[in-house]
Amino acid sequence: MQKFVQLDGLVAPLDRANVDTDAIIPKQFLKSIKRSGFGPNAFDEWRYLDHGEPGMDNSKRAKNPDFVLNQPRYVGASILLVRENFGCGSSREHAPWALEDMGFRVLLGPSFADIFFTNCFKNGLLPICLPVAEIDALFAQALAIPGYKLRIDLEAQTVTRADGKVIHFDVDTFRKYCLLNGFDDIGLTLCRSEKIKEFEARRRIDQPWLFS
């Protein structure tokens, strides 16, 4: 998993509440269990004018000019500004995969669905909860200022606005540790590989019948 320490990123505002995981990555694209390749179909039903299916050449599909993330000013955005209850619905891990593959590393919103929130941390995304008033102010600035950027510092747990205001955020200590070091569940297990080998060696001696 990619480490997250600090990010200076372009902000894209998605001004919709209760965005569910089927909107983030529609169900027809869930056949693959690879973590990559979902970005072109993130927000597929909002992003394109036709109905998307796996295997389609997305470069030839007509894009919806009214969908905010299709606007040229937000190309290359790595911070997604969202409204309350983002990531609700089914618990598909493909949702954070699609967002990360689309280029996002940070999600800023007033609240997130619980399972989606957990899945983000396990897949290298940093979801940050801020008070509604702070989110409202960020939306206003992102919409008013082309090329609007924020600095996200996970170590210091701060969001620094373009005007210099610093906003502090809370994050679970263990999740912070994992993101700073790029550890998903497998990575954490591999950190203890020597202890696992020692345990297996002892078990072969203490319980040899298990290996006969």
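Visitor: Which residues does T21 touch, not counting residues up to four places away in sequence?

Guide: This is a predicted model, in which local features need pLDDT of at least 70, side-chain atom pairs count only at pLDDT 80 or more, and totals for chains, interfaces and linings use all residues. Residues are numbered from 1 along each chain as its sequence is written, and side-chain values use heavy atoms, with hydrogens and water left out. With contact taken as heavy atoms within 4.5 Å, T21 touches G87, C88, G89, S90, R92, A95 and F116.

Visitor: Is T21 buried or exposed?

Guide: T21 lies in helix α1, residues 21-24, helices being DSSP runs (H or I, at least four residues) numbered from the N terminus. Its relative accessible area is 1%. Buried means under 20% relative accessible area (1.4 Å probe, protein chains only), so T21 is buried.

Visitor: Are the axes of α3 and α4 oblique or roughly parallel?

Guide: The axes, lines fitted to C-alpha atoms over the stretch in contact, with angles running from 0 to 180 degrees between N-to-C directions, come within 9 Å and cross at roughly 50° for α3 (residues 94-102) and α4 (residues 114-122). Angles under 35 degrees count as roughly parallel, over 145 as roughly antiparallel, 65 to 115 as roughly perpendicular and the rest as oblique. Therefore α3 is oblique to α4.

Visitor: Which residues in α4 do A95, P96 and L99 meet?

Guide: A95, P96 and L99 lie in α3, where they are among the buried residues. Their partners in α4 are F116, N119 and C120.

Terms used. Helices (H or I, at least four residues) and strands (E, at least two) are DSSP runs, numbered from the N terminus. Buried means under 20% relative accessible area, exposed over 50%, partly exposed in between (1.4 Å probe, protein chains only).
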